[in-house]
Amino acid sequence: MTRVVTIVLDSGGIGALPDFSDFADAPGANTLGNVARRVGGLHLPNFTRLGLGNLTEIDGVPSQQVPRARVARLRERSRGKDTITGHWEMMGITTEVPFPTYPQGFPKEVIDAFTRIAGKPPLGNKTASGTEIIAELGEEHIKTGRPILYTSADSVFQVATHEGVVPLETLYTWCEQARAMLVPPNNVNRVIARPFAGTAGAFVRTPNRRDYAIEPPPSALDALAAKGIPVHAVGKICDIYCGHGVATSVRVADNREAMERTFELLERVEHGFLFVNLNDFDSKYGHRRDIRGYARALGELDALLPRLEALLKPADRVIFTADHGCDPTAPGSDHTREFVPFIDLSAAPGAELGTIEGMELVGTTVTKAFEG
């Protein structure tokens, strides 16, 4: 009976890809390395032991002569630097044609169609940080009931509403209808419901976010399901793949809850694939350019690794990886196009695997583990 756990440190990049300039990045992105440098070093004894420091220079995380895990740097093939392209590529889907982005806001035909859905024209319609735009437009939204619409450098259509003004189910319905409305050439890869709460000057996003992704082609998750191998999703994984191949799913409020749900699964599930997303690194710290928050979250995750390892059986394996970068030291608030780590912990001896083309190594490693 085999169990494989893949834990995605959402945005945990380890150095700029050679084509970074094609994606409007400033030079020098390295999410984990730059965080460590700016805080005077990280204390990650467990990730150090596994071999994280062998993948890029991280102050306080030295390389190991013999890492405990098999470690590599993965170079993304897909044309993007976002959640969907990264996660899809992990499971064998390469995105060769970029999804549309809207640096000048959405065109009139999209706004008109969404106005018909919501019954009122949206506020915003521009690229923005999610926390900044609710601070800017939240009060007007409360007065008028008009939804806040914004995007980013990624292919996203984000709708923010106050939970006391627009009921959650109404927001979700609007986003579901927007997902159906956004067809080529406006087939953004995600529609995101972004509810918030609070009062002017103190608005906060709530944990009730929902992602409505474009339907994916067949992936490794479908192949696992076809073989009777259950896939257990933790966090936003189920949304990313539109539920394809997923047997069970649980939503979480933060990284800590995601890890707690993972521990619970390991205590009761005898066989299957546990696919976990730790979104705080991206949404709370990367996009908000919170360097110290990012460093603190890394330390909190590292402290949980002994508990994770204690729950593993001899045939189990754990893979740590990332879907893209979001360097909190970089200009702006967008993702950064970076190499991502591959840290494969199993009964096999550790080794350095170098740089590997394609993030699909994650999916192929998972699949092969169930063939033994």
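Trainee: What makes Ala-24 count as exposed?

Mentor: This is a predicted model, and in it Ala-24 has a relative accessibility of 74%. The cut-off for exposed is over 50%, so Ala-24 counts as exposed. You'll find the residue in the loop between β1 and α1.

Trainee: Let's turn to charged pairs. Why are Lys-81 and Asp-25 called a salt bridge?

Mentor: Their closest N and O atoms are 2.5 Å apart. The rule asks for a Lys or Arg side-chain nitrogen within 4 Å of a carboxyl oxygen of Asp or Glu, so Lys-81 and Asp-25 qualify. Side chains of opposite charge can pair when their charged atoms come close.

Trainee: Which parts of the chain does the pair of Lys-81 and Asp-25 tie together?

Mentor: Lys-81 is in the loop between β2 (70-75) and α3 (83-90), while Asp-25 is in the loop between β1 (3-9) and α1 (31-38), so the bridge joins parts that are 56 residues apart in sequence.

Trainee: Are Lys-81 and Asp-25 buried or exposed?

Mentor: Lys-81 has 6% relative accessibility and Asp-25 has 11%. Buried means under 20%, so Lys-81 is buried and Asp-25 is buried too.

Trainee: How do you know that Arg-70 and Asp-344 form a salt bridge?

Mentor: Run the check again: their closest N and O atoms are 2.4 Å apart, and the limit is within 4 Å. Arg-70 belongs to strand β2 and Asp-344 to strand β13 (residues 340-345), so this pair ties together parts 274 residues apart in sequence. Asp-344 is buried at 1% relative accessibility, whereas Arg-70 is partly exposed at 24%.

Trainee: Where do Glu-257 and Arg-261 lie?

Mentor: Both are in helix α9 (residues 255-268), four residues apart, about one turn of the helix. An α-helix has 3.6 residues a turn, so residues three or four places apart point the same way. The closest N and O atoms of Glu-257 and Arg-261 are 3.2 Å apart, which is within 4 Å, so this is a salt bridge as well.

Trainee: What makes Glu-257 partly exposed?

Mentor: Its relative accessible area is 25%. Buried needs under 20% and exposed needs over 50%, so Glu-257 falls in between.

Trainee: How many salt bridges does the rule give?

Mentor: The count comes to 25. Some link up: Asp-19, Asp-22, Glu-76, Arg-79 and Arg-337 form a network of salt bridges.

Trainee: On to helices. How do you know that α4 and α6 meet?

Mentor: Contact means heavy atoms within 4.5 Å. On that basis Val-110, Ala-113, Phe-114, Ile-117 and Ala-118 in α4 meet Trp-174, Gln-177, Ala-178 and Met-181 in α6. Sorted by type, the residues of this contact are eight nonpolar, one polar and no charged.

Trainee: What describes the packing of α4 and α6?

Mentor: Two packed helices are described by the angle between their axes and the distance between the axes. For α4 (residues 108-118) and α6 (residues 168-181), the angle is about 145° and the axes are 10 Å apart. The crossing is right-handed.

Trainee: Why is helix α12 called mostly covered?

Mentor: Seven of its nine residues are buried. Among them are Leu-361, Val-362 and Val-366.

Trainee: What kind of peptide bond joins Pro-184 and Pro-185?

Mentor: A cis one, with omega about 10°. Pro-185 is in the loop between α6 and β6 (190-197).

Trainee: Now the whole chain. What makes it as compact as a globular protein of its length?

Mentor: It has twelve helices and 14 strands. The radius of gyration is 20 Å, close to the 21 Å that the globule rule gives for 372 residues, so the chain is as compact as a globular protein of that length. Buried residues make up 59% of the 372.

How values were computed
Residues are numbered from 1 along each chain as its sequence is written. This is a predicted model: local features need pLDDT of at least 70, side-chain atom pairs count only at pLDDT 80 or more; totals for chains, interfaces and linings use all residues. Side-chain values use heavy atoms; hydrogens and water are left out. Axes are lines fitted to C-alpha atoms, for helices over the stretch in contact, and angles run from 0 to 180 degrees between N-to-C directions. Helices (H or I, at least four residues) and strands (E, at least two) are DSSP runs, numbered from the N terminus. A crossing is left-handed if the near helix is turned anticlockwise from the far one by less than a right angle, and right-handed if clockwise. Ala, Val, Leu, Ile, Met, Phe, Trp, Tyr, Cys and Pro count as nonpolar, Asp, Glu, Lys and Arg as charged, and the others, Gly among them, as polar. Buried means under 20% relative accessible area, exposed over 50%, partly exposed in between (1.4 Å probe, protein chains only). The radius of gyration is taken over C-alpha atoms; the globule rule is 2.2 Å times the number of residues to the power 0.38.
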